[in-house]
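Open the model in your viewer and follow the stops below. Each one says what to select and what is there.

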Amino acid sequence: MQFHHFGYVSGDPRIQPASDAAPSRPDAIPDEIDVLVVGTGPAGMITAAQLAQFPGITTRIIERRAGRLQTGHADGLQARSVETFQAFGFAERLAAEAHHVTEFAFWQPDPDDHTRIVRTGRSPDDPKGLSEFPHILVNQARVLDYFAESMANSPSRMRPDFGVEYLGHQVLPGARHPVLVRLKQSEGESAGKEFHIRAKYLVGADGAHSKVRRAIGCRFEGHSANHAWGVLDVLADTDFPDIRLLSTVQSGHHGNMMVIPREGGFLFRVYVDLGEVPADDAGKVRDTPVEAVIAKAAAILHPYSLDVKKVAWFSVYEVGHRLAEQFDDVPPTETGDRLPRVFILGDACHTHSAKGGQGMNVSLQDGFNLGWKLGHVLDGRAPKELLTTYGAERKIIAKNLIDFDMAWSAMMARKTAEFADAAELPEYFKSTEEFRTGFRTQYAPSVIVGRLVYQDLAKGFPIGQRFASARVRRVADTNPVHLGHHATADGRWRIYVFADEAAPGGDRSAVAGLARWLTTSPDSPLAGLPQGIRPHDWFDLKVVYQQDHRAIELSQVPGVFKPRTGPFALVDLERVYAVMPEDDIFEARAIDRGGVVVVVRPDQYVAHVLPLTATDELAGFFARLRR
């Protein structure tokens with residue numbers, strides 16, 4: 001963390017200096033704003049938290065509830081989500097209070113007595129080492145609290161507007177603020193009072209029953225699996241030995257169950273199979289009493305006992321998988337003819353079963369994807385056409401994950417006798433690790449994702465996938481750090497330069513030639529920036545040398561990697577790195593020793609891989625993103 005830019009900071013360094021506009025933020029929502037976000041779930045909060053880093057953009061996020069969420073229903077956070085929290089500055093603090101998943105247990109009927117269950121196997125959570133971050137379980141409300149803190153500490157000093165309900169909107173083409181939104185005070189002294197505001201963009205993160213989705217006339221396609229599950233968070237006495245492990249339990253006669261330990265050491269969640277739902281049930285299964293679900297859970301766990309002392313939360317749901325026809329207000333028949341003004345994300349545009357652990361995790365990436373794009377368009381960095389990439393990218397990902405979740409849910413609902421092999425479910429679970437953890441996401445080539453022409457130069461950084469961090473040594477202070485952990489959610493593009501074998505200052509250094517081009521060529525992405533914008537404001541440029549840190553003299557490193565930042569234009573020396581011989585990033589990520597440029601988007605996805613000499617391609621890539 002870097003601070004003391006403006007002088008000595010004696011308080012919490014996570015609180016960023018307020019922008020000039022922040023102190024005048026009115027309590028009432030202004031008549032005209034840039035972005036209105038509807039809903040304070042994970043998708044809405046991460047979108048708002050990202051936009052909070054753009055103090056010149058007026059963003060408000062509304063919620064019809066009177067205050068913060070008390071009990072979140074989603075609790076599983078895959079490592080990809082925790083990587084994202086690192087960018088917002090709270091991964092370590094959230095992980096400290098969460099339950100860490102390090103191993104899975106699989107329970108099936110005893111081959112000698114199908115009335116009993118026995119453990120048939122265990123599997124590590126991340127056997128391939130896909131991430132240095134953990135898979136954690138924690139109350140969704142705490143995730144929202146941390147995003148609210150990030151917003152409050154931002155230059156915008158943003159906070160949610162509770163007690164405000166979205167009623168509807170219309171788009172008035174040609175207006176400066178073309179989205180006319182009808183709102184209502186839902187809580188407080190003015191409850192029931194309606195009013196209108198105008199926005200440039202509207203974001204609907206208002207859940208599976210989204211009013212915003214219905215207002216744009218978007219169809220929600222999919223089906224119910226006609227299978228019900230009871231879910232309980234409980235405090236209970238039990239002799240089931242894996243109650244603190246994430247476990248799948250297949251019984252011989254009573255159905256299946258999942259056990260999910262919760263944070264705090266005592267609470268745990270169970271998903272209990274309630275069987276198929278008749279077509280004419282009309283939702284009656286949701287009236288299943290909690291006592292019946294507990295009794296079935298106890299039967300599934302036989303010969304182990306289950307004595308529930310307190311039910312903290314209980315619900316019955318039917319498995320459903322649905323996907324929105326489009327993720328913005330441009331119907332498929334009008335794609336390319338006009339640009340979007342309204343977006344939907346999270347459960348508003350895709351729903352999954354709870355057991356696949358996808359809902360909150362996928363929603364977070366929706367918001368991260370959209371947030372920086374809105375920021376870049378509204379502050380003049382990029383053309384409005386950039387916003388068309390949100391739906392193009394995220395709908396494909398949502399469809400792939402729904403397909404996976406349908407297969408996993410169907411497997412979890414199958415009776416034991418329907419499996420040809422007892423190892424079928426555990427093996428499927430292991431084989432789909434990258435889908436479950438969010439690391440299979442790969443965006444296709446587009447205006448913000450390059451083609452795979454030079455992928456062989458850095459095989460460990462697949463273009464279109466998230467940037468997989470690795471350890472390097474910071475030259476200035478010799479500290480070992482994770483390269484990707486310094487990529488904060490500040491809206492900047494990352495340009496990582498992995499040097500050729502020449503030391504800095506050498507006559508044949510390709511890095512030196514690239515540095516000269518970056519600082520002198522009119523085609524450089526660092527050139528031609530608006531007045532008052534310095535290259536470091538929009539680009540985070542780093543260099544990683546192949547030498548040991550003792551062989552690198554900072555005075556010989558090109559100045560473009562030592563930018564002047566802050567109000568006093570102080571030299572930033574924390575952009576220069578060396579390999580760690582015992583953990584060489586060039587070997588770990590299969591980087592060509594001739595050197596390579598890796599371009600990473602503000603949402604942590606690899607946008608391009610290029611040779612150090614491919615300045616025309618680098619210029620062309622960023623030229624398409626200029627307004």
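Start with helix H11: it lies across E21, E22 and strand E26 (596–600), running at about 165° to E22. Helices (H or I, at least four residues) and strands (E, at least two) are DSSP runs, numbered from the N terminus. Contact means heavy atoms within 4.5 Å. Axes are lines fitted to C-alpha atoms, for helices over the stretch in contact, and angles run from 0 to 180 degrees between N-to-C directions.

This is a predicted model, where local features need pLDDT of at least 70, side-chain atom pairs count only at pLDDT 80 or more, and totals for chains, interfaces and linings use all residues. Residues are numbered from 1 along each chain as its sequence is written, and side-chain values use heavy atoms, leaving out hydrogens and water.

Next, select strand E21 (residues 493–498) and strand E22 (residues 539–545). They pair in the parallel sense over six bridges; strands pair if DSSP finds at least two bridges between them. Pick Arg-494: Asp-540 in E22 stands opposite.

Now widen to the sheet. Seven strands form an open, mixed sheet in the order E20-E19-E25-E22-E21-E26-E27. Strand E20 (480–482) and strand E27 (606–610) each have a single partner strand, so one side of each lacks a neighbour in the sheet. The twist averages 30° from one strand to the next.
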